[in-house]
Amino acid sequence: MMDEEYDAIIVGGGHNGLTCGAYLSRAGKKVLVLEAKPYVGGASVTEEFAPGFRASTYSFVLGHLHPKVIDDLELEKFGFEAVPMGETCNPTENDCIVFSSDPKKTYEQIARFSKKDAENYPKFFARLQSTVKLMRELQLETPINPFDKSPSGLMKTAGFAWRYRNSGKEFYNLIQSLSMSANDYVSRWFETDIVKAKLMFWATIGGNVGPYAPGTAFYIVSHLTGQFGMRFAKGGMGSIADALRASGEAHGMQVRCSASVDEILVEGGRTRGVRLKSGEDIKARRVISNVGAKVTFGNIVRRQHLPQDFMEHIDGFRTRGMGFKLLCAVDKKPTYKGFDPEKTGVDYPGYAHICPTPEFLERAYDEAKFGWYSSEPFLSPSVPTHFDPSLAPDGKHIVTFQGGVTPYELTNSTWDRERDNLLRNTFSVMDRFAPGFSDSVIDYKLYLPKDIEDDINMPGGNTQHGELTLDQLFYMRPAPGYGDYRSPIDGLYQCGASTHPGGAVSAVNGHNAAREVLKDWKRL
Ligand SMILES: Cc1cc2nc3c(=O)[nH]c(=O)nc-3n(C[C@H](O)[C@H](O)[C@H](O)COP(=O)(O)OP(=O)(O)OC[C@H]3O[C@@H](n4cnc5c(N)ncnc54)[C@H](O)[C@@H]3O)c2cc1C
């Protein structure tokens with residue numbers, strides 16, 4: 001028997017690694033989390049990007065964090081606090097539509113543009129909600145492998161079929177969303193561009209094709225699967241990682257930062273620990289990787305330890321990042337020329353989408369299809385300092401943008417040459433909708449997909465660690481038959497966003513993975 005230092009090592013202190021570690025520690029296990037960067041969080045961090053200005057570098061909207069994890073790990077006791085962001089606004093050049101959690105308010109807003117659309121909205125939402133409800137249940141499932149013919153595999157499939165025996169209609173709707181374009185999906189209900197574009201913006205998160213492409217309707221469902229509502233985290237998204245870490249440490253979890261794992265050690269088909277870049281070996285019977293599958297398998301776990309057919313799937317797993325993140329320090333909040341507090345009933349659009357029409361969104365992808373970037377990027381300007389002034393010096397603000405479309409690599413040029421031109425395009429769109437914006441910028445920091453990959457080892461800079469397409473979901477995420485958080489190596493598990501149910505700061509992957517690790521505990 002090996003001389004084990006830890007019961008389990010977690011490679012990566014992203015929010016999923018910390019979640020998994022916190023659950024295992026609560027179960028009395030001796031856990032070590034190893035994080036390459038000087039601080040934990042991965043894509044859930046708050047950093048100072050300009051003197052005195054702090055922002056959520058990557059993820060910024062809290063909607064997905066699972067309430068079960070918040071309760072189980074007592075995150076509020078450990079400093080986590082959510083700030084409601086109220087309404088989401090879509091300014092155009094001469095108007096602005098607001099969607100609110102209050103159905104009456106949303107009805108009135110949509111009716112300003114189309115009575116028919118306003119009347120259809122609750123019907124559309126009811127249909128969508130039934131699919132979303134199913135997705136919320138599926139989220140917490142460990143995906144079954146329908147092709148596992150072993151007695152235990154057949155039992156799991158039968159159990160799944162029994163549990164969902166009354167969900168036929170919901171599965172039908174889910175399959176529709178997985179196969180339809182976002183444009184077709186919303187056009188069955190709505191006639192006005194602004195309402196369609198408002199909903200279709202969510203379809204820009206998760207894949208790398210425009211919302212006219214089949215399968216993109218699912219991203220709307222996936223976005224709404226988050227049940228925490230549209231909120232910010234007080235202190236930025238880093239506060240979630242800090243609370244997860246504190247929750248785990250209160251139960252003995254150990255965390256080492258600036259500890260990059262070079263290799264997951266394998267002997268005789270099972271893990272025996274890890275080797276750090278510094279050359280230090282640390283032993284454990286179980287290793288759980290929070291790092292994307294594409295980096296974990298064939299890189300951190302050396303290729304010779306892995307079956308060829310498994311590696312064919314991992315090599316084919318698509319991780320093309322297509323979005324950028326821009327953080328701006330500004331001396332005043334953007335003033336949208338189409339926004340009117342009286343018409344909208346909102347004091348300020350602290351979270352907005354710049355995408356006036358479906359065509360605007362789709363066109364942003366056209367250039368990217370051929371290795372270029374959008375001349376008119378779609379944008380999601382948010383002003384977290386409107387809700388949490390502590391993030392910037394007095395009287396100053398931050399505006400963060402997630403936008404697209406920016407492929408990982410360019411054809412016939414390099415990002416070094418084109419970064420400033422992308423910024424120019426972005427500021428020019430903003431100035432059209434919020435005149436004077438570019439003059440208000442004091443400082444900025446831009447992250448392209450390659451920058452994200454270089455910073456946190458997120459393959460391709462893909463926010464989900466892998467695109468959310470049907471062939472990369474459920475029991476096929478990240479490879480057919482390995483959707484259950486296990487791997488071809490005994491004792492090696494996965495807990496990051498490249499597992500079911502995909503990316504977002506939901507903590508669900510970490511939660512589900514911990515459950516599976518504990519199921520195997522005695523056997524290992
Ligand atoms: C620009 C951007 C915007 C986003 N916006 C949102 C949003 O608004 N809302 C939302 O819910 N989600 C959003 N997401 C998605 C979400 O942030 C991610 O899907 C999620 O944070 C992934 O979490 P994770 O813990 O699985 O992995 P990660 O956060 O990627 O963590 C992996 C960790 O492993 C570490 N690591 C890597 N290699 C090694 C190694 N060899 N040794 C040790 N450590 C290693 C990394 O440094 C990192 O800390 C966004 C993502 C991005 C990039």
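## A loop and its cis bond

P478 sits in the loop that runs between helix 17 (449-456) and strand 19 (492-494). Helices here are DSSP runs of H or I with at least four residues, strands are runs of E with at least two, and both are numbered from the N terminus. The peptide bond leading from R477 into P478 is cis, with omega near 0°. H465 is found in the loop between helix 17 and strand 19 as well.

A quick word on what you're looking at: this is a predicted model, where local features need pLDDT of at least 70 and side-chain atom pairs count only at pLDDT 80 or more, while totals for chains, interfaces and linings use all residues. Residues are numbered from 1 along each chain as its sequence is written, and side-chain values use heavy atoms, with hydrogens and water left out.

Most residues other than glycine have a negative phi, and most peptide bonds are trans. H465 has a positive phi, near 60°, and counts as buried at 10% relative accessibility. (Buried means under 20% relative accessible area, exposed over 50%, and partly exposed in between, using a 1.4 Å probe and protein chains only.)

Is S258 buried or exposed? S258 is exposed, at 53% relative accessible area. Its phi is positive too, near 50°, and S258 belongs to the loop between strand 9 (254-256) and strand 10 (261-267).

## Three domains

The chain splits into domain 1 (6-44 + 65-80 + 235-318 + 462-519), domain 2 (104-225) and domain 3 (319-456). These bounds come from an automatic or database domain assignment. Between the C-alpha centres of domain 1 and domain 2 there are 28 Å. Where those two meet, 21 residues of domain 1 are in contact with 20 residues of domain 2, contact meaning heavy atoms within 4.5 Å.

## The second largest pocket

How much space lies in the second largest pocket? About 420 Å³. On a 1 Å grid over the protein atoms alone, a pocket is an open set of points where a 1.4 Å probe fits, with protein on both sides within 12 Å along at least five of seven lines; lining residues have an atom within 4 Å of a point. Points are joined across faces, edges and corners, and the volume is the space filled by probe spheres set on them.

The lining has 19 residues, and T142, P143, K156, D484 and R486 lie nearest the centre. Domain 1 and domain 2 each give at least three residues to this lining. Helix 5 (151-163) and helix 18 (508-519) each supply at least two, and helix 5 makes the largest share, with five. By class, there are four nonpolar, seven polar and eight charged residues. (Ala, Val, Leu, Ile, Met, Phe, Trp, Tyr, Cys and Pro count as nonpolar, Asp, Glu, Lys and Arg as charged, and the others, Gly among them, as polar.)

## Nonpolar cores

A nonpolar core is a set of buried Ala, Val, Leu, Ile, Met, Phe, Trp, Tyr and Cys residues joined through side-chain atoms within 4.5 Å. The largest one has 85 residues, with F218, F378 and F437 having the most contacts inside it. Helix 4 (residues 115-139) gives the largest share, eight residues. Because domain 2 and domain 3 both contribute residues, this core lies between them. A second, separate core has 38 residues, including F228, Y493, A513 and V517.

Leaving out residues up to four places away in sequence, F378 touches several residues, among them F201, F360, G404 and V405. The peptide bond from G404 to V405 is cis, with omega near 25°. V405 lies in the loop between strand 17 (397-404) and helix 16 (415-433).
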